[in-house]
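Colleague: Please take a close look at one part of this model, a pair of packed helices. Then set that part in its surroundings.

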Amino acid sequence: MLVTVVTAFPELLEPFSRSGVIGKAVEKGILEIRCINPRNYTEGTYGQIDDYAYGSGGMVLMAEPLARSVYAAKGEGPATVLYPGPQGIPLDQHLVESLAVNEHLVIVCGRYEGVDERFVEECVDLEISIGDYVLTGGELPAMVIVDAVARMIPGVVGQESAVEEDSFFRGMLDTPHYTRPASWRGREVPGVLTGGDHEAIRSWRRAQSAARTSGRRPDIIVGANIGPYLDKGVYVILVPATEAIPAAELSEMAEACFTFGCRKLLCVVRGGSERKSLQAHAGDRVKAVSTMESALAWIRKREKAEMLTIVSVGEAGGIHWAEMKRRALDSDRPLVFVFGGNETILAGTEKEVLGPIRGGKGDVSLSNARDAAVVILDRFFGWR
Ligand code: 4GX
């Protein structure tokens, strides 16, 4: 990848391009960082790149030297032109990953009040903000963007910090890390990490990630797959409306549930012969049961634990799915989603009720149990 930084202070970029992981990538030739100084692309002989802003009196970078710099940067080939500024769209890992597919990025660093807006209209593809605070120039944001994007390029980051271990992998925060000595100034490394039980370590790390994310960044739980962070299994109970769901459809549905990490799709079928026939044809990811109570009893026995039962009956009221997702993450119980039926279902048993899934048009809620199941499972266990 080639990155051209348009900056009046190219010396700021130099130590960055020569040091650490980024320096290594440059050495290996996976990454090239060039700087273009707009001072070398001015119109007059004075090397002027800024002027007073119309209307406010502050200083603004002039359009022409920046535009010439960008055209020089592009040469013959195509490039994506970025402009760091507090008014830009917020940089996050999704944007970083989409930027990493570019062969050539041009990053234009502003100063003072910014740059002439006509330059932005003419040359800039994307304005990006690295956070809600004000800096003195775009050079640090340029380095932030290059750093985050470069480490997505294969070969830049070594095994020792694999992308799977990242903060934000699966959308959740990273766990704490420790190294020797095991005891430091009276503070001990958590015993589980030195115990050598790898399953216990994985479980501890999952719990740490979940607790940190829930406590510090509840906002990112909305877009995370919480599946890997649950201690116990996930189950779906379908209560079809009046008409029975055909076995073939149910087994496809079970396949979809399985994709989302669900262990079993239980379907309530009252009639004995229908139930037997369904069980015979739907495959072993489906379990046909006669009542809701027997479905719950089956799960309770299998998990040897009391469950968090989440009921979605498509009726008004209930808890928003995002809040339910946070509660599910905080809970250490097996999760059981119940779709279909009505509010009297599970009368007497402890349960949480989900609000209806509404579309935009006329705000009609999704009443079909199968459709609601897939939508909700995607919100809890899908990738964003
Ligand atoms: N995330 N700055 C850019 C100049 C400027 C001013 C106004 C456009 C409009 C920043 C940030 C940031 C300070 C870089 C002002 N550019 N950039 N500079 N936060 O604060 O990206």
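Modeller: Helix 10 and helix 14 are roughly parallel to each other, because their angle falls under 35 degrees. Their axes come within 10 Å and cross at roughly 10°. Axes here are lines fitted to C-alpha atoms over the stretch in contact, and angles run from 0 to 180 degrees between N-to-C directions. Helix 10 spans residues 247-259, and helix 14 spans residues 369-381. Helices are DSSP runs (H or I, at least four residues), numbered from the N terminus.

This is a predicted model: local features need pLDDT of at least 70, side-chain atom pairs count only at pLDDT 80 or more, and totals for chains, interfaces and linings use all residues. Residues are numbered from 1 along each chain as its sequence is written, and side-chain values use heavy atoms, without hydrogens or water.

Now the contact itself (heavy atoms within 4.5 Å). From helix 10 come Glu249, Met253 and Cys257; they meet Arg370, Ala373, Val374 and Leu377 of helix 14. These residues divide into 5 nonpolar, no polar and 2 charged. Ala, Val, Leu, Ile, Met, Phe, Trp, Tyr, Cys and Pro count as nonpolar, Asp, Glu, Lys and Arg as charged, the others as polar.

Next, the core. The largest nonpolar core has 45 residues; Leu335, Phe380 and Phe381 are among those with the most contacts inside it. Helix 14 gives the largest share of this core, 7 residues. Such a core joins buried Ala, Val, Leu, Ile, Met, Phe, Trp, Tyr and Cys residues through side-chain atoms within 4.5 Å. Buried means under 20% relative accessible area (1.4 Å probe, protein chains only). Beyond its sequence neighbours within four places, Leu335 touches residues including Leu230, Ile310 and Phe381.

How values were computed: Buried means under 20% relative accessible area, exposed over 50%, partly exposed in between (1.4 Å probe, protein chains only). Helices (H or I, at least four residues) and strands (E, at least two) are DSSP runs, numbered from the N terminus. Angles under 35 degrees count as roughly parallel, over 145 as roughly antiparallel, 65 to 115 as roughly perpendicular and the rest as oblique.
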